[in-house]
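This report covers a predicted model.

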Amino acid sequence: MSELNVVETRPPGVNAESAPRPERPPYVVIQPARGWHLMAWRELWSYRDLLWLLAGRDVKLRYKQTALGLIWVVLQPLVAALIFAVIFGHFGKLPSDGSPYVLFVFAGLMPWNYFAGALQRAGNSLVVDSNLIRRVYFPREILPLASTAAMLIDFAVTLAVFFALMLIYQVPLTWRLLALPAFLLLTTIMALGASLWLSALNVQYRDFMYALPFLLQVWMYASPVVYATSIIPKAWQGLFSLNPAVGFIEGFRWSLLGTGTLDLTMLFAACVVGLLTLVSGAYVFRRIERTFADVL
Amino acid sequence: MSGVAIRVEGLGKKYRLVHRSLRNYRTLQEDLLGLPRRVWSAARGLGAQPETFWALKDVSFEVSEGQVLGIVGRNGAGKSTLLKILSRITDPTLGRAQIYGRVGSLLEVGTGFHAELTGRENTFLSGAILGMRHSEIQRRFDEIVAFAEVEKFLDTPVKHYSSGMYMRLAFSVAAHLDPEILLVDEVLAVGDAAFQRKCLGKIQEVAKGGRTVLFVSHNLNAIEELCQAALLLEAGQLRLLDRDVRLVLKRYLFGEQQTSNAAEWHNSGTEHRNPWFQPMRFVIADQHGQRHSLPLSNSDEFYVQVEADVSQPYPALHVGYAIYAEDGTLLYWSFQTDVPEPDWPTLHVGRCVLRCRVPAHLLNEGTYRLELLASLHFRKWLLEPGVNAPQVSLIIRGGLSDSPSWMAKRPGLLAPVSPWTVIR
């Protein structure tokens, strides 16, 4: 299968058989290409307005015909956190590293919901907007990127709720909060990498969108979202930390609640896995991208 | 300052034919289950080659800056594929295209519009999707809205718009995108006559402004009016490119065949195979069933005659013809089922010969194209106009009427001689 290679503002080179060529180089050259290409960053940057508009559209549309609107963003994790706190904290008497269980769960749910939501929305983004792909050119990465950006807005709202909860429970903030953006970045990198993989593959195989909710549920219980890493037996800790989600969830708790210690090896592993996913996702996406319009 | 705007060299696009079903995505299950079979057949060197076809094949041409080029061809000739490649929606399989300027493509009106969003939101979104910067849209916002005449409804979701308003706004956004090269596909096929005129005017304005335009349309009048050159695609290949637009249109409408045998179409036996109605011969005939030699005189009556093989009669089979003037304007359709049902001519199994009389003194002087149509009513086209209908042409010259005043061609498409009387 061949692909479209778009080389921007590059002279066509010397071509003996050519007639008199115009002075200026072509704006774009369209030709089938072989091999792998990383994202066209410069082009992506020139379409940044579209990214924000699409993200805004996602947020607007999601709560358009709802009476509660943005309150849903708050309600969902809040109720979930309460339920988990009652079942695991109150009935199950699971440890929460010294924090109120509601806060403890909420701090884990925030990055997880962001991650899982981004995966779900971005994974399906190309299929949902297939009419755009079939009719206009724009860097296709914009679609999963915009879905992820839209989830970021949800995340911001829940973060505000979290700070309100901290106020209620009178849990003080610590200097560790300064590290939060770094953990958010880590989560975003992982979400983006996985989204690029997922959205590209979903164009070819719609199975992925059916498998995903189930997979995410399993993944959530395999990650320390509703329980603490400390309840995992020592023998299993090594295997457990292979889960890249452990890194950012633990990081969030560490920086928000000021409890626990940070396992640097695990964090490093999570960063490596995140970057690998992103780079490979970008490659795969570019690779399959040229066939999107024909397959969708 | 007429440099090259677009240079296309040996462009080709191959598609895989999908027989399995109508959808074209795959499921993992199918691919995994099919894997052993594919490996096996590949190992034996018989690899079940997927059937492919070339939607576009070895197309090369140049468009100079500021030129308005019309692209014509029947459905499936590769026009849309060509525009899709040039607007980078899909990739070519072979060849390359160099494009000297920012491209705006207008392949469909309303791309990126969302029913739930307001007119204002949609304007920005659609503009951005078409490649405009936010500041650019902001600057031209008033202009866009004024052209669309939707000022009062800017903050209403477009789902509450009338279809006319929706179309106007959608087109207006696209029309105000400021590309150096504009690719337009069949946008004029939508909307009412007034809207179409407005669109045409806008495209003309863009063209006059020195921009390069590639224009695909079935509206041949529009092509003739707008374009300085035309390109004819046939079965994915470039057949003709000429500055003489009329010449290209003529070739498109009547094909290469010359007048003498154009009055007759023959089936080699393999085309249009089906049990209900396989056309074998389509001819402009005299009353004895013999092919008429062209040109006909206006005072001749003639027959549109069809011979077809029927092996399985279908009760609601419709057979007819469409007749087009030289510029592509449809004059009328006629079907054997135009009369009350008891009077329908019934077809029998075997070779049927049907004919339809066309009265003398109906058509004006000129060249006409007839398409043979057939359908299983409400089910499917067997011979669909503009798609796979066999065609013949018809030339009428002279014999307009016996009046001393009208010896030459009359104005208008038709030249019927109808009786006049004084009643008071």
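What pLDDT does chain B average, and what share of the residues score at least 70? Chain B averages a pLDDT of 82, and 85% of the residues reach a score of at least 70. For the complex, the predictor gives an ipTM of 0.76 and a pTM of 0.70.

**Interface**

Between the chains, 36 residues of chain A are in contact with 40 residues of chain B. On the side of chain A that touches chain B, at least two residues each come from β1 (3-8), β2 (28-33), α2 (48-62), α7 (180-204) and α12 (292-295) of chain A. The element that gives the most to this side is α2(A), with six residues.

| α3(A) with α4(A) | 13 residues | two residues | no residues |

**Helix packing in chain A**

Helix α3 (residues 71-91) of chain A packs against helix α4 (residues 101-128) of chain A at an angle of about 130°, and their axes are 8 Å apart. That angle makes α3(A) oblique to α4(A). The crossing of α3(A) past α4(A) is right-handed.

From α3(A), the residues that meet α4(A) are Pro77(A), Ala80(A), Ala81(A), Leu82(A), Phe84(A), Ala85(A), Phe88(A) and Gly89(A). Their counterparts in α4(A) are Tyr101(A), Val102(A), Val105(A), Phe106(A), Leu109(A), Met110(A) and Asn113(A). By class, this contact of α3(A) with α4(A) has no charged residues.

Notes:
Residues numbered from 1 in each chain as written. Chains lettered and ligands numbered in written order. Predicted model: local features only at pLDDT ≥ 70, side-chain atom pairs only at ≥ 80, totals over all residues. Contact = placed C-beta atoms within 7 Å. Helix = DSSP H or I, 4+ residues; strand = E, 2+ residues; numbered from the N terminus. pLDDT = per-residue confidence, 0-100. Axes fitted to C-alpha atoms, helices over the stretch in contact; angles between N-to-C directions. Parallel < 35°, antiparallel > 145°, perpendicular 65-115°, else oblique. Left-handed = near helix turned anticlockwise from the far one by under 90°. Nonpolar A, V, L, I, M, F, W, Y, C, P; charged D, E, K, R; others polar.
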